[in-house]
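User: I am new to this structure and would like to learn how to read its features. May we go through them one at a time?
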There are 2 protein chains.
Amino acid sequence: MAQHSYPPDPDVMPLGPRQRALLAVLQEANAELSGQELHERLRQGSQRHGLATVYRNLRLLQRSGLVRCRKLPNGESVYAPLERDDHHLTCVSCGHSEPLPICPVATGGLGLSKVLLQGFKPLFHTFEIHGLCLSCQQSEPLSHG
Amino acid sequence: MAQHSYPPDPDVMPLGPRQRALLAVLQEANAELSGQELHERLRQGSQRHGLATVYRNLRLLQRSGLVRCRKLPNGESVYAPLERDDHHLTCVSCGHSEPLPICPVATGGLGLSKVLLQGFKPLFHTFEIHGLCLSCQQSEPLSHG
DNA sequence: GCTAAAACGAGAACCATTCTCAGCATATGG
DNA sequence: CCATATGCTGAGAATGGTTCTCGTTTTAGC
């Protein structure tokens, strides 16, 4: 057991030093970060950090309900603290994704009955509108070839 | 120009035979299909079909607003006809994703002002609840290591 | 200190997707 | 009817983010 004491939530095991560093970087950032970006930023600190461990811990933090994740059209995953409730407009043509400054879903208050959830324990939700951004509408003749 | 005549929608260029085949398979399927699954099913028909073309046409159909796409946690993309308005419960631990039989968002009627959209032309939206499925809650001791 | 168990890092492996490029189909103009 | 330009197609190679492997390092408990 390489765990450090520090029990912020009885529901969750204590976090290791690298996991705390990772969370801290995510919280300081004002945007979602990819695994690679996170790795780069962590390297600049004093601790050693391997890419594999960054991904390992991202998975663990996500399972613990501390980190949320979203996939961009290019396949990258981007991460943010769970409590951040941002949603996005994403272009199906160029892949550009930008924050949508409203949450159209009554978070938490979702009228989701327990019956519908069937034992599923919700942690966060993602809402995304996909379409064509202005510049793609203008540049593309929209031909199927 | 290898396009075949057949103008179903003045807003959109006519579709080629492979694009129509692709759409047909998606419409017959009662679930989202991945690019690879789509490719397999198309191979079974009479026309020849290459994987590259399947992906090429999926991209084009998506841009034309005929097909929607969603990324699974394992990195695969799954496709469906645009008009299908399904949403999902997805487990952050095992990656299992199942349909959620309600749409908590007032589709179309989203109170999204044009100001917020800033020229963005919406085609479809995705809504997904991420959390822990029952079996993952039971099996995992939730340790950070 | 010493040992067993857990976490770690570097690099290889993975795999869905995209790219490359030579060949072929379509449409048109001569 | 044939020549030619255009651009779609498929096989296979390349790409790139993420995961796996495995030998090493760190931690916890004694």
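This is a predicted model: local features need pLDDT of at least 70, side-chain atom pairs count only at pLDDT 80 or more; totals for chains, interfaces and linings use all residues.

User: How many bridges join S2(B) and S3(B)?

Analyst: Strand S3 of chain B covers residues 77-81, and five bridges pair it with S2(B) in the antiparallel sense. To place this pairing on the model, find Cys69(B), which stands opposite Tyr79(B) in S3(B).

User: Let us turn to helix packing. Which residues of helix H2 of chain B are buried?

Analyst: A residue counts as buried when its relative accessible area is under 20%. In H2(B), residues 35-43, the buried residues are Gly35(B), Leu38(B), His39(B) and Leu42(B). Viewed down the axis of H2(B), these buried residues fall within an arc of 100 degrees, so they line one face of the helix. Among the elements that cover them are H1, S1, H3 and S3 of chain B.

User: How do H1(B) and H2(B) stand relative to each other: roughly parallel or roughly perpendicular?

Analyst: The crossing angle of the two axes settles such a question. The axes of H1(B) and H2(B) come within 10 Å and cross at roughly 110 degrees. The two helices H1(B) and H2(B) are therefore roughly perpendicular to each other.

User: Which residues meet where H1(B) and H2(B) are in contact?

Analyst: From H1(B) come Ala21(B), Leu22(B), Val25(B) and Leu26(B); they meet Leu38(B), Arg41(B) and Leu42(B) in H2(B).

User: What is the strand order of the open sheet that has six strands?

Analyst: A sheet may draw its strands from both chains, and this one does: its order is S5(A)-S4(A)-S6(A)-S6(B)-S4(B)-S5(B), with mixed pairing. Strand S5 (97-100) of chain A and strand S5 (97-100) of chain B stand at the edges with a single partner strand each, so one side of each has no neighbour in the sheet. From one strand to the next, the twist averages 30 degrees.

User: Where the chains join in this sheet, how many bridges pair S6(A) with S6(B)?

Analyst: Strand S6 (residues 121-132) of chain A and strand S6 (residues 121-132) of chain B pair in the antiparallel sense over 11 bridges. One pair to locate is Phe124(A) with its bridge partner His130(B) in S6(B). Nine of the 12 residues of S6(A) are buried, so this strand is largely enclosed by the rest of the structure.

User: In which sense does S4 of chain A pair with S6(A)?

Analyst: Strand S4 of chain A (residues 87-91) and S6(A) pair in the parallel sense over four bridges, and Leu89(A) has Ile129(A) as its bridge partner in S6(A). In chain B, four bridges join S4(B) to S6(B), which run parallel.

User: Is Thr90(B) buried or exposed?

Analyst: Thr90(B) belongs to strand S4 of chain B, residues 87-91, and stands opposite His130(B) in S6(B). With a relative accessible area of 1%, Thr90(B) is buried. Its contacts beyond four places in sequence include Phe120(A), Arg70(B), Pro73(B) and Glu128(B).

User: Finally, what is the phi of Gln118(A)?

Analyst: Most residues other than glycine have a negative phi. Gln118(A), although not a glycine, has a positive phi of about 50 degrees. Gln118(A) lies in the loop between helix H4 (114-117) and S6 of chain A, and its 59% relative accessibility counts as exposed. Gln118(B) also has a positive phi of about 50 degrees, and at 61% relative accessibility it counts as exposed.

Notes
Residues are numbered from 1 along each chain as its sequence is written. Chains are lettered from A and ligands numbered from 1 in the order in which they are written. Side-chain values use heavy atoms; hydrogens and water are left out. Buried means under 20% relative accessible area, exposed over 50%, partly exposed in between (1.4 Å probe, protein chains only). Contact means heavy atoms within 4.5 Å. Two strands pair if DSSP finds at least two bridges between them. The arc is that of the directions from the helix axis to the C-beta atoms. Axes are lines fitted to C-alpha atoms, for helices over the stretch in contact, and angles run from 0 to 180 degrees between N-to-C directions. Angles under 35 degrees count as roughly parallel, over 145 as roughly antiparallel, 65 to 115 as roughly perpendicular and the rest as oblique.
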